[in-house]
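Good morning. Please look at the sequence and the model on the screen while I go through a few parts of it.

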Amino acid sequence: MLKIGDFSKLSRISIRMLRHYDEIGLLRPRSIDRFTGYRYYSEEQLTKAVRINALKEMGFSLAVIGEILIKYDDPRELAKFLETRRLEVQEEIEESGQRLLLLDAAIKRLRKDDRAMNYNVVLKTMPQRYVASVREIIPAYDQEGLLWKRLGEETGNMNLQMADPMYSLAVFHDQGYKEGDVDVEIQISVKGSYDNTEHVIFKTVPEVEIASAVYKGSYEQITDVNLAVANWVKDNNYVYNGPMFCIYHVSPAQTQNPDEMVTEICYPVKKTE
């Protein structure tokens, strides 16, 4: 039998960790002296300790290692665990590669423009949503409130149930900037099922990958935000894949102070071949 200190040296597992393994039932001592409380391990348990170390180095959690040890002597079952972990590692590598690309692009932008990181551009996926939508040609971009008023008037008696998260956004369908007669759609995420009204359409919007940047304050910043997103799209080898839209996290309807507004500028994108 080996004292815990000797077993620690031979197994290359710290005494503190051996006590933790004992507490969680992963590797219990062969015996504990009831008078002194000393833990004793058998030489045969070194094999189990080696297996635990090897599995930890592969990135398995202690909880999963406990499951693996039960089936360790079954090659087929062991292979299943290893194959699953391999796929997880491959995904981690891909995610790390993407992070490296983002960091490289951010460094390049910062070298060109020391204000480039004023707006942090991120790549993310907007989930599929069920929305109440109003789309019309309105006189100008600053007349968007007409659409929200229409939405409120035609759904006021419907008792709409807001989704969580409740995306409140505006989609700009024109190919480029226009001085007037702009094609704008507003959407708000809801749950349940509702009948269309004269101007309000209820529909499911598919999942979409976007490059986006959040800014706080008035619309005067929008040109700089658009530039930050455009540079990110170019530097990371993406192309635009749909109309730009804004998500209103704190909208003009929620505050009278423009400096308190929080808006997210979003561009659907896809990776170039």
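**Strands, a pocket and some single residues**

Strand 12 and strand 13 (residues 262-271) are paired in the antiparallel sense, over 5 bridges. Strands here are DSSP runs of E with at least two residues, helices are runs of H or I with at least four, and both are numbered from the N terminus. Two strands count as paired if DSSP finds at least two bridges between them.

Before going on, some housekeeping. This is a predicted model, in which local features need pLDDT of at least 70 and side-chain atom pairs count only at pLDDT 80 or more, while totals for chains, interfaces and linings use all residues. Residues are numbered from 1 along each chain as its sequence is written, and side-chain values use heavy atoms, with hydrogens and water left out.

Back to the strands. C246 has I265 in strand 13 as its bridge partner. Strand 12 also pairs with strand 7, again in the antiparallel sense, over 3 bridges. There, L169 has I247 of strand 12 as its bridge partner.

Next, the largest pocket. Which residues lie nearest its centre? They are Y141, E144, F172, M244 and C246, out of 34 lining residues. The volume of this pocket is about 1,100 Å³. A pocket is found on a 1 Å grid over the protein atoms alone, as an open set of points where a 1.4 Å probe fits, with protein on both sides within 12 Å along at least five of seven lines; lining residues have an atom within 4 Å of a point. Grid points are joined across faces, edges and corners, and the volume is the space filled by probe spheres set on the points.

Helix 6 (145-155), strand 7 (168-172), helix 7 (222-235) and strand 12 (245-250) each give at least two residues to that lining. By class, the lining holds 18 nonpolar, 11 polar and 5 charged residues. Nonpolar covers Ala, Val, Leu, Ile, Met, Phe, Trp, Tyr, Cys and Pro; charged covers Asp, Glu, Lys and Arg; the others, Gly among them, are polar.

Now E136, which sits in strand 5 (residues 129-138). Its side chain and that of R150 are joined by a polar contact of 3.0 Å. A polar contact is a pair of N or O atoms within 3.5 Å; within protein, one must be able to donate a hydrogen and the other to accept it, and residues adjacent in sequence count only if both atoms are side-chain atoms. Neighbours within four places in sequence aside, E136 is in contact (heavy atoms within 4.5 Å) with L147, R150, V182, D183, V184 and H199.

Finally, the start of the chain. An open sheet of 3 strands has the order 1-3-2, with antiparallel pairing. Its edge strands, strand 1 (2-3) and strand 2 (31-32), each pair on one side only. Strand 2 pairs with strand 3 (residues 39-41) over 2 bridges, and S31 stands opposite Y40.

Leaving out neighbours within four places in sequence, I4 is in contact with I15, L18, R19, R39 and Y41. S8 is also in helix 1, and S8 is buried at 13%. H20, in helix 2 (residues 15-24), is partly exposed at 29%.

How values were computed:
Buried < 20%, exposed > 50% of the residue type's maximum accessible area, 1.4 Å probe, protein only.
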